[in-house]
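Here is my note on the model, in numbered points. Please keep the structure open while you read.

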Amino acid sequence: AVLGFGVAQRYYLKPDASYVAAELYNYAQTNFSDSHPLFHHDLRLLYGGYLFTGPDEVFRLGWSSGAGVILTWFTIPGQGLYGDWYLNLINAGVELNFRHYLLYARSEGKYTLGLGRNLLGRGWKSTSLGPPPLTMGFMWKW
């Protein structure tokens, strides 16, 4: 099981058209029968925008691209810290855009670089079923 949460901040270069974002996702990976879960901290910077829709549209198609690192540490003594650097090459998503908030779902195309002390190696990452990872969330506009 994977349990976690994330926070993000967007800065719109052109209001509701293009943005830069900093995101942090923290999650634990455990099977609940083992007393040694893994903890992950996924930090990323993205540049993104919207396709075919304006800022007042309720339904919007979006894209983003960027880079990040997943920091992993074990609760088993002596394991140390691992860092998996990646490129977020192809992210595509949908948003329901309302006046003060939006709901979103985004598929992520992560390519890990296999640099340094890492766990994921080099290559495209997907779930065991094949599709890319999916991020869903809620954003408050202010």
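Which charged end sits over the ring of Tyr82? Point 2 gives the reply.

1. Ground rules. This is a predicted model, in which local features need pLDDT of at least 70 and side-chain atom pairs count only at pLDDT 80 or more, while totals for chains, interfaces and linings use all residues. Residues are numbered from 1 along each chain as its sequence is written, and side-chain values use heavy atoms, with hydrogens and water left out.

2. The ring of Tyr82. The charged end of Arg117 sits over this ring, 4.2 Å from its centre. The test for such a placement is that NZ of Lys or CZ of Arg is within 6 Å of the ring centre and within 35 degrees of the ring normal. Tyr82 is buried, at a relative accessible area of 14%. Buried means under 20% relative accessible area, exposed means over 50%, and partly exposed is in between (1.4 Å probe, protein chains only).

3. Aromatic pairs. A pair of aromatic rings is described by the distance of the centres and the angle of the planes. Rings of Phe, Tyr and Trp (its six-membered ring) pair if their centres lie within 6.5 Å; planes under 30 degrees apart are stacked, over 60 edge-to-face, and the rest tilted. The count by this rule is eight aromatic pairs. Take Phe74 and Tyr82: their ring centres are 5.7 Å apart and their planes stand at 70 degrees, so this pair is edge-to-face.

4. A cluster and another charge. Tyr12, Tyr19 and Tyr50 form one aromatic cluster. Tyr19 also has a charge over its ring: the charged end of Arg10 sits there, 4.1 Å from the ring centre.

5. The chain as a whole. What does the secondary structure come to? The chain has zero helices and eight strands. Here helices (H or I, at least four residues) and strands (E, at least two) are DSSP runs, numbered from the N terminus. The C-alpha trace spans about 50 × 30 × 30 Å along its principal axes. Of the 142 residues, 32% count as buried. Contact means heavy atoms within 4.5 Å. Among contacts between residues at least 6 apart in sequence, 53% join residues at least 24 apart.

6. The cavity. On a 1 Å grid over the protein atoms alone, a cavity is a set of points where a 1.4 Å probe fits but cannot get out; a pocket is an open set with protein on both sides within 12 Å along at least five of seven lines; lining residues have an atom within 4 Å of a point. Grid points are joined across faces, edges and corners, and a volume is the space filled by probe spheres set on the points. There is one cavity of 30 Å³ or more. The largest cavity has a volume of about 110 Å³. It is lined by 16 residues, and Tyr19, Gly62, Gly93, Glu95 and Arg106 are the closest to its centre. The largest share of this lining comes from β5, with five residues.

7. The second largest pocket. About 440 Å³ of space lies in this pocket. Its lining has 19 residues, with Ala8, Gln9, Arg10, Met139 and Trp140 nearest the centre. Two or more residues each come from β1 (2-14), β2 (18-29), β6 (101-113) and β8 (134-140). β1 gives the most, seven residues. By class, the lining has eleven nonpolar, three polar and five charged residues. Ala, Val, Leu, Ile, Met, Phe, Trp, Tyr, Cys and Pro count as nonpolar, Asp, Glu, Lys and Arg as charged, and the others, Gly among them, as polar.

8. Phe52. Most residues other than glycine have a negative phi. Phe52 is not a glycine, yet its phi is positive, about 65 degrees. Where is Phe52 placed? Its place is the loop between β3 and β4. Phe52 counts as exposed, at 78% relative accessibility.

9. Gly4. This residue lies in strand β1. Gly4 is exposed, with a relative accessible area of 56%. Leaving aside neighbours within four places in sequence, Gly4 is in contact with Asn26 and Tyr27. Gly4 and Gly123 are 119 residues apart in sequence and 24 Å apart in space, C-alpha to C-alpha.
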